[in-house]
2 protein chains.
Amino acid sequence: MPRIEFMNRILILSGEMSAGGYACLRGERAAHICRVLRAQRGKPLRIGLLNGPRGIGRVESASAEEAVIDCTFEAGPPPRPPVDLLLALPRPKVLKRLWAQLAALGVGRIILTNADKVERYYFDSHVLNPEFYTARLIEGLQQAGDTLLPTVQVVKQLKPFLETEGFPEIGKRLLADPAGTRLLFSCLGPVREEGIETRVLLGVGPEGGWTPYELELFGAHGFELCGMGPRILRTDTACATLLGMISEFFRSMHIPE
Amino acid sequence: MPRIEFMNRILILSGEMSAGGYACLRGERAAHICRVLRAQRGKPLRIGLLNGPRGIGRVESASAEEAVIDCTFEAGPPPRPPVDLLLALPRPKVLKRLWAQLAALGVGRIILTNADKVERYYFDSHVLNPEFYTARLIEGLQQAGDTLLPTVQVVKQLKPFLETEGFPEIGKRLLADPAGTRLLFSCLGPVREEGIETRVLLGVGPEGGWTPYELELFGAHGFELCGMGPRILRTDTACATLLGMISEFFRSMHIPE
C-alpha cells in the first residue's frame with residue numbers, strides 16, 4: 001500500500017459522520033491511521049470533510065480495520081483554487097497518473113476535451129470512469145491537504161463547447177502552446193490590476209500541439225497565447241509547471257513581501 | 001513501445017558518427033524514424049549530438065532495424081540550463097519516473113543526497129545505476145529537444161558534502177521547504193540585479209521534509225528558504241513546479257516584453 005504514505009489530511013465523506021461528530025473510517029484510511037501514523041487514543045490528526053471544511057480529529061480508537069475519530073471542523077470550507085483547466089484529453093496512461101497530481105496542485109474545474117491530435121480511443125478508457133477518477137482525485141487532495149474535489153467534464157466536440165460555454169466565472173483565458181512567445185507571468189500581469197477575484201482558465205494542448213485551426217478558434221474565444229520556452233514537455237510535466245506558476249502568481253498577490 | 005512517441009529530437013552518440021557526417025542508428029531510434037515518423041529518403045529530422053550541438057539530419061535510408069542519417073550540426077552546443085538540483089533521494093518508484101522529467105525540464109547537475117527522512121534502502125535501488133538513469137535522462141532530453149546530459153552525483157552524507165563542496169559556479173542557493181514563507185520569485189529577485197550569468201542551486205527535501213537540524217545546516221551554508229504555499233506536493237510534482245518557475249524566471253530576464 002504505497003499510496004497511503006501520502007495522506008497529509010484524511011478526508012471523510014459526510015455519510016461517514018455520525019451524530020455527535022464522530023467519524024468511523026475503514027479500509028486504506030484506517031490502515032494509514034493505525035500503521036503509518038501509529039495513532040493511539042487522543043492523537044490529533046489533520047482531517048477534512050470532502051467538499052467541506054478542514055478540521056482536527058482526535059483518535060478514539062484505531063485498528064487496521066476501523067478507526068473512530070472525534071471531529072472538529074472549521075466554520076467553512078477552504079477557498080476554491082482560482083484556476084480551471086481545459087486540457088486536451090491525454091493518453092490514458094498519462095491521465096491515469098495525472099488525476100491525483102491535478103487535485104494536489106489545486107484546480108477548481110477540469111475540462112477534458114477532444115482535439116485534432118487526440119486519438120478517439122482515449123475516450124473509451126476506464127480512466128474516464130467517475131468511480132476511477134474520483135478515487136484518484138481524493139488521493140491527490142489528501143496528499144495536498146485540500147478538501148475540495150475538482151469538478152470534471154468530458155467534452156467530445158471542442159467547437160460547440162467553446163461556442164455555448166461562456167465561462168462566466170473566468171476573468172482571464174490563457175492557452176499554453178509552443179507557438180506562444182509571451183511569458184505566462186506577463187499574460188497574468190493584468191489580473192493583478194483587475195483584482196484577486198479573477199479566476200484563470202488555462203488551456204493545455206495535446207502532446208502533438210493544437211492545430212492552427214484550433215489556435216484560431218481559441219483566439220476567437222478570447223484565449224491569450226502564452227509560451228513555455230523552447231523545451232517540449234510531457235503533458236503531466238507541463239501541467240505541473242503551469243499550474244504551479246499560476247498558484248505562485250496568486251500567492252504573490254496575497255502575501256506582502 | 002510507447003516511449004518512442006516522445007522523440008522530439010533524435011540524439012546521436014559521437015561513436016555512432018562515421019567520416020563524412022553520417023550516423024547509423026539502430027534499436028528504438030531506428031524504429032521511431034521508420035514507424036512513427038514514417039521517414040523516407042530526404043526527410044529532414046531534428047537531431048543532436050549527445051553533449052554536443054543540435055542539428056538537422058536528412059534520412060539516407062530507414063528500416064525498423066537501421067536508419068542512416070546525413071547530419072549537419074550547429075557550431076556549438078546549446079546553453080547549459082542555469083539551474084542545478086540538490087534533491088533528497090526520493091523513493092525508487094518516484095525516482096524511476098523522475099529522471100526523464102528532470103532532463104526534460106532542464107537541469108545542469110543533479111545531486112541526490114541522503115537526509116534524515118530518506119530510507120537507507122533507497123540507495124541500493126537499481127534506479128541509481130548509471131546505465132539505468134543515463135537511458136532515462138537521454139529519453140527526457142529527446143522529449144524536450146535538448147542535448148546536454150545532466151551530471152549526476154549521489155551523496156551519502158549531507159553534512160560533509162556541504163562542508164567540502166563550495167558550489168563555485170552557484171550565485172544563488174535556494175531551499176524549498178514547507179517552513180519557507182518567501183515566494184520563489186521573490187528569493188530569485190536579486191539574481192536579476194546580479195546578472196544573467198548567475199546559476200541557481202535548488203534544494204528540495206524528502207516527502208517528509210527536512211529536519212530542523214538539516215534546515216539549520218543549509219542556512220549555515222547560504223541557502224535561502226522559500227515556500228510553495230500551503231499545499232503539500234509529491235517530489236516529482238514539486239520538482240516540476242519549482243524547476244518550471246526557475247526556467248520562467250530566467251526566460252523573463254532574456255525576453256523583453
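The model is predicted. Chain A superposes on chain B through a rotation of 180° with 0.0 Å of shift along its axis, at an RMSD of 0.0 Å. The two copies are thus related as by a two-fold rotation axis.

**Chain arrangement**
- T241(A) is the residue of chain A that comes closest to the rotation axis, with its C-alpha at 2.1 Å.
- The copies meet through the same surface, because 100% of the interface residues of chain A are also interface residues in chain B.

**Nonpolar core**
- The largest nonpolar core holds 132 residues.
- Within this core, the residues that touch the most other members are W99, L162 and L202 of chain A, together with W99(B), L162(B) and L202(B).
- Beyond residues up to four places away in sequence, W99(A) touches I110(A), L112(A), V127(A), L128(A), F132(A), Y133(A), R136(A), L137(A) and V152(A).

- K172(A) belongs to strand β10 of chain A, which covers residues 170-176.
- With a relative accessible area of 5%, K172(A) is buried, because the cut-off for a buried residue is under 20%.
- The side chain of K172(A) makes a polar contact with the side chain of E224(A), at 2.8 Å.
- Apart from neighbours within four places in sequence, the contacts of K172(A) are C187(A), P190(A), V191(A), T198(A), R199(A), V200(A), L201(A) and E224(A).
- V83(A) is 89 residues from K172(A) along the chain, and their C-alpha atoms are separated by 9.6 Å.

Notes
Residues numbered from 1 in each chain as written. Chains lettered and ligands numbered in written order. Predicted model: local features only at pLDDT ≥ 70, side-chain atom pairs only at ≥ 80, totals over all residues. Heavy atoms only, no water. Least-squares fit on C-alpha atoms with pLDDT ≥ 70 in both. Contact = heavy atoms within 4.5 Å. Core = buried A, V, L, I, M, F, W, Y, C linked by side-chain atoms within 4.5 Å. Buried < 20%, exposed > 50% of the residue type's maximum accessible area, 1.4 Å probe, protein only. Helix = DSSP H or I, 4+ residues; strand = E, 2+ residues; numbered from the N terminus. Polar contact = N/O pair within 3.5 Å; in protein donor to acceptor, adjacent residues only side chain to side chain.
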